[in-house]
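Notebook open, structure loaded. I'm jotting down what I looked up, in the order I looked it up.

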Amino acid sequence: MTEPQDPFSYPPIDPVNFDLIIVGTALSESVIAAAASAVGKTILHLDPNSFYGSHFASLSLHDLTSYLTSPHSLPSAATAAASSDSDDIVVVDLVHQPLCTDAETATYDESAFLSENSRKFNIDLGGPRALFCADKTIDLLMKSGAAQYLEFKGIDESFVYEANAGLANVPDSRGAIFRDKKLSLKEKNQLMRFFKLVQQHLDDTQEEKIPKEDLEIPFVSFLEKMKLPPKIKSILLYAIAMLDYDQDNNEVCEELLKTKDGIDCLAQYSSSVGRFPNAPGALLYPIYGEGELPQAFCRRAAVKGCIYVLRMPVVSLLMDKVTGSYKGVRLASGQDLYSHQLILDPSFTIPSPLSLSLGDFPSERLQMLSQRDIKGMVARGICITRSSIKPDVSSCSVVYPPRSLYPEQVTSIKALQIGSNLAVCPAGTFILYLSTLCNDADEGKKLLKAAMNALLTLPVSGNSESIPSVQSDSEDIKPIVLWSAFYIQKLIMSKFEFISSTPTPDGNLNYNALLDATEKLFNQMYPNEEFFPKATSPEDPTDEDDNGLTLDS
Amino acid sequence: MVQWQGDADEGIDYMFKIVMVGDSGVGKSQLLNRFVKNEFHMKSKPTIGVEFLTRTVVMDHKLVKAQIWDTAGQERYQAITTAYYRGATCALLAYDITKQQTFDHVEKWLDELRIHTDKNILVMLVGNKSDLSSLRAVPTEVARDFAQQEGLFFLETSALDSSNVESAFIGLLSQVYRTVSRKLILVDGHESNWDKVNLELEGTKIKVPSQEPECQNAKKRFNCCSIL
């Protein structure tokens with residue numbers, strides 16, 4: 001990451017009128033930039049950071065620590081005027097509220113090594129995150145052309161954490177069930193029969209095997225009806241369908257998953273296994289980290305004419321004095337720019353209109369803008385370790401079902417370990433990401449630390465000679481944590497108004513919900529335009545002797 | 001991307017990724033168009049539409065494919081993605097001999113390259129627009145001394161009249177080829193790319209190259225049976 005430079009050394013941005021101005025280069029903003037550029041909109045895409053990705057970025061260790069621990073407020077405009085330059089414009093200053101709060105980081109060991117190798121890390125801010133092979137993200141990457149900038153590798157294994165038993169493989173295929181050493185023969189037969197039933201149900205050539213009334217009941221009830229034992233139920237609900245809340249706890253789980261939706265989750269998971277020849281499991285991960293995805297879409301937008309500016313905060317909105325409608329933005333450099341539509345990163349908001357002295361400006365429209373649709377929180381943890389949580393496995397996903405760590409645990413915890421073969425950390429180290437939904441920071445961190453302690457060990461301070469403790473029920477030695485971080489991200493939904501905003505990273509492992517919201521926002525903004533139309537126009541130059549795809553065989 | 005392929009695969013022996021860097025307006029896209037398409041456009045605006053272009057040349061009876069990436073205009077406000085530099089083995093760093101500022105910024109571009117690329121990346125410093133000698137602002141000797149001091153190759157070019165364009169690109173490729181033919185560069189330190197997932201190859205069986213280690217082959221072979 002280059003050192004931040006004086007943002008005002010840039011030439012003035014030319015032109016000054018755009019169809020769309022986007023503030024923030026997170027995944028949703030980048031996808032919309034690419035989609036709108038593809039249909040000919042003129043776009044200015046800015047980010048106050050020196051890097052792409054916003055809260056979906058992958059950062060060096062040093063930059064990550066800075067980002068989490070020293071959030072910045074917006075500077076004043078260079079040519080700040082107490083009143084607007086023009087008679088018909090009202091200037092409304094923006095407020096920056098960081099999405100990551102309650103951050104704590106700790107270095108336990110090898111601080112010199114970590115410091116020297118900071119740039120070899122590409123640590124995801126929004127992790128754990130991966131793509132299913134049958135994900136709609138894959139289809140979007142192909143359709144948009146962004147796939148040509150990315151390379152993926154498969155995640156080696158998927159595990160589920162079992163209380164008092166540690167990590168068990170997720171049996172996600174017939175072969176995996178056959179090979180599994182922890183399932184009893186009876187359990188294997190039950191699971192085989194269940195998968196066969198689901199397969200027959202989904203087979204278009206056959207009559208649906210599951211009655212319609214069963215499709216409407218909670219999935220957990222359907223599994224009980226099938227007389228599946230608790231262990232298999234847990235694997236299906238939390239490790240394959242990846243549900244967040246305890247389906248057996250009516251108090252906490254407001255909306256139980258229906259059987260038909262559970263079947264859909266199983267279908268996506270199993271159609272992911274084996275889709276790509278070189279992917280051993282259901283999941284893919286981009287080489288160099290998840291931050292490559294927003295960059296790929298931004299490159300796509302730039303190729304179609306979108307103008308990009310980094311290190312340039314937007315400090316104010318320019319509003320029409322009479323109608324109260326949006327006109328443009330004021331940059332930190334003092335420049336005013338205008339557009340028909342604006343998309344703001346969800347970390348930007350405005351003060352309550354009551355605190356502004358706007359005279360007879362119609363402030364009720366600003367009221368909506370100052371309110372953000374917060375749906376909850378995601379607690380995230382990151383650990384750097386010296387060995388894998390599973391010997392000989394470089395990358396793997398782990399799910400801790402509800403109550404697998406302690407009786408009051410009401411949410412699943414998702415974890416993802418990535419090794420250096422994916423170019424996200426120095427050789428000989430691993431990154432473990434953890435996340436869970438929570439209602440407050442203390443609850444979230446408690447959950448994450450319990451999950452961390454189940455698999456990892458901290459160096460005993462002051463006693464570097466001590467031998468790491470060995471788990472009583474297996475010969476695996478717990479990896480030692482060199483560094484860790486915990487932080488809370490607010491869950492904010494996307495919003496379409498005369499000024500729109502995009503969603504924050506959610507608690508899911510994949511991007512489907514985020515991309516659904518993004519496509520919906522695009523369709524609301526441009527109802528007559530297609531989302532990434534397939535045919536390239538004759539004016540779109542393509543390289544004649546290469547199809548543009550970097551094919552690695 | 002350093003991609004070693006057997007002769008049987010499409011006939012290409014080596015493929016190298018070259019990135020173009022330098023200030024906006026110095027002529028990077030014109031240099032690229034001249035080298036690959038032998039075209040020059042008098043009125044040019046910030047780069048739109050060009051992803052990368054490729055050209056294949058023969059060296060020592062080997063087919064060497066150059067994949068040359070353009071900036072898509074993202075350098076104008078210092079917004080080149082870090083992803084742009086992934087896997088680049090060489091860079092062509094251009095400035096405009098009629099604009100001192102573009103030469104002054106070469107140091108900044110070298111810093112950017114050192115941060116985001118392999119430390120062994122080869123850099124050709126190119127002073128473009130040599131046809132405008134009456135407007136020269138950067139003396140040749142100053143630039144040559146700087147290049148020598150920084151360990152860069154150096155040429156002055158004109159995309160307009162074609163001077164030295166071929167030499168700049170072929171010279172850079174020759175140096176990379178020479179380096180690679182002595183030893184294979186480990187891409188970002190990773191010895192093998194055999195397990196990368198190609199999104200295009202859905203459901204297609206690909207032949208695993210025979211030189212791959214057999215034990216890795218056996219270990220990673222995925223199970224063909226899927227439940228659903």
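What is the strand order in the open sheet of 4 strands? I read it as β8(A)-β12(A)-β9(A)-β8(B), with antiparallel pairing. For my own bookkeeping, this is a predicted model, where local features need pLDDT of at least 70, side-chain atom pairs count only at pLDDT 80 or more, and totals for chains, interfaces and linings use all residues. Residues are numbered from 1 along each chain as its sequence is written, chains are lettered from A and ligands numbered from 1 in the order in which they are written, and side-chain values use heavy atoms, with hydrogens and water left out.

**Entry: the sheet with a strand from chain B**

Strands here are DSSP runs of E, at least two residues, helices are runs of H or I, at least four residues, and both are numbered from the N terminus. Two strands count as paired if DSSP finds at least two bridges between them. In chain A, β9 (residues 152-154) and β12 (residues 283-286) pair antiparallel over 3 bridges. I looked up A:Phe152, and its bridge partner in β12(A) is A:Pro286.

**Entry: the 8-strand sheet**

Chain A also has an open sheet of 8 strands, in the order β6-β22-β18-β21-β20-β19-β10-β11, with mixed pairing. The twist averages 20 degrees from one strand to the next. I picked out β10 (residues 157-162) and β19 (residues 396-400) of chain A, which pair in the parallel sense over 4 bridges. A:Phe159 has A:Val398 as its bridge partner in β19(A).

Helix α13 (residues 441-455) of chain A lies across strands of this chain including β6, β10 and β11, and runs at about 140 degrees to β21(A). Axes are lines fitted to C-alpha atoms, for helices over the stretch in contact (heavy atoms within 4.5 Å), and angles run from 0 to 180 degrees between N-to-C directions.

**Entry: rings**

How many aromatic pairs are there over all chains? The search finds 18. Rings of Phe, Tyr and Trp (its six-membered ring) pair if their centres lie within 6.5 Å; planes under 30 degrees apart are stacked, over 60 edge-to-face, the rest tilted. B:Phe35 and B:Phe169 have ring centres 4.3 Å apart and planes at 15 degrees, so I logged them as stacked. B:Phe35 is in helix α1 (residues 28-37) of chain B and B:Phe169 in helix α5 (residues 165-182) of chain B, so the pair ties together parts 134 residues apart in sequence.

Buried or exposed, I wondered about B:Phe35? B:Phe35 is buried at 3% relative accessible area, and B:Phe169 is buried at 1%. (Buried is under 20%, exposed over 50%, partly exposed in between, with a 1.4 Å probe and protein chains only.)

The charged end of B:Arg55 sits over the ring of B:Phe35, 4.4 Å from its centre. That call needs NZ of Lys or CZ of Arg within 6 Å of the ring centre and within 35 degrees of the ring normal.
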